[in-house]
Amino acid sequence: MMLKSELSWSYSRDRLFLECRRAYYYHYYASWGGWEREASDLSKKAYLLRNIQNLDAWIGDIVHQVIKWILENQIQGNTVLHDEAINKTKQMFLKTWEQSRGKLWVNNVKHNLNLFEHYYNRELSRGFLAEKLVKAQRSITNIYSCGLLETISGLSKDCILRVDELDSFDFEGIKIFAVPDFAIKNELYTLYDWKTGKPTDKDALQLSCYTLYAHDKWKATIDNIQLVPVYLAQEEVSLNPIKALKTEEVKTYIRSSISEMKSCLKDASANIADIDKLPKTNDGWRCKNCRFQEICVPGQKP
Ligand code: SF4
């Protein structure tokens, strides 16, 4: 089946749109179809570059996958021991590191890690890498110590609503990807988001987008939803909910973001962007860590 390019919305898409519109163009438009044999060179290259991950995203990805594995087992009544989870984290770390170092992505861009630091020949000390592994393992340890697994073991399977699956919902005709990492229903709908970075002032907005998903999927209302960002890399982790933004406020934000994105299209029905409306950022410091610098910055080679 031929995939059709269509405008969708997610919090991360909005972030990229705000940070650098040219990077947004490369990520969501130039790369479209870059997986096809007959795609243009630019499209193939943009697709390759959009699949590059930086160190923090890589660690976050490993942590998400290991937690998913722990939770799915727990829900089935199989306890994954802490040591097993720590070992699995290390195995995934080493396996994906080798994928990137050995450039296995040359044969399969989508399913092999391509680290930014490898691709652009940035130096990585063993000590720095070891710190990243420690961070990933601390995040997993914190899942065991925060009380979540005890909460789950007291719930029936019906109360587990979702465990880190790709999903979307419709918002005024646009597909929205804004889905919590984990969701349960006890007295309230509790939506969790695993965070391997530090708290930011944007977290409330990001998590509040999940309330629209919860309403769409389970008819939950803002009064019976609690949003829990879990800052896993900290020394001590709590499961404290944060205050959600008002539903209308979230809808207004998303509506306005979509409208701005639409204004950068030259053919809305075919979802074709106008590159002239998606200029390079003026924040030059962003380019240093940008995946797309090879095609965006003249003379830049990996
Ligand atoms: S290199 Fe700079 S201007 Fe170009 S896409 Fe990246 S952040 Fe934007």
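A residue counts as buried under 20% relative accessible area, as exposed over 50%, and as partly exposed in between. The model shown here is predicted. Side chains of opposite charge can pair when their charged atoms come close. Over the whole structure, a search finds 15 salt bridges.

**Pairs within a helix**

- In helix H4, which covers residues 55–75, Lys68 and Glu72 sit four residues apart, about one turn of the helix.
- The side chains of Lys68 and Glu72 form a salt bridge, with 3.2 Å from N to O.
- Glu72 is partly exposed because its relative accessibility is 35%, and Lys68 is partly exposed because its value is 24%.
- Helix H5 spans residues 82–101 and holds both Glu98 and Arg101, three residues apart, about one turn of the helix.
- A salt bridge joins the side chains of Glu98 and Arg101 at 3.0 Å, N to O.
- Glu98 has a relative accessibility of 37%, so it counts as partly exposed.

**A buried pair**

- Asp193 and Lys195 form a salt bridge in which the closest N and O atoms are 2.8 Å apart.
- Is Asp193 buried or exposed? Asp193 is buried, because its relative accessibility is 3% and the cut-off for buried is under 20%.
- Lys195 has a relative accessible area of 11%, so Lys195 is buried.

**A network**

- Glu19, Asp283 and Arg286 belong to one network, joined by salt bridges that share partners.

Definitions and conventions:
Residues are numbered from 1 along each chain as its sequence is written. This is a predicted model: local features need pLDDT of at least 70, side-chain atom pairs count only at pLDDT 80 or more; totals for chains, interfaces and linings use all residues. Side-chain values use heavy atoms; hydrogens and water are left out. A salt bridge is a side-chain nitrogen of Lys or Arg within 4 Å of a carboxyl oxygen of Asp or Glu. Helices (H or I, at least four residues) and strands (E, at least two) are DSSP runs, numbered from the N terminus. Buried means under 20% relative accessible area, exposed over 50%, partly exposed in between (1.4 Å probe, protein chains only).
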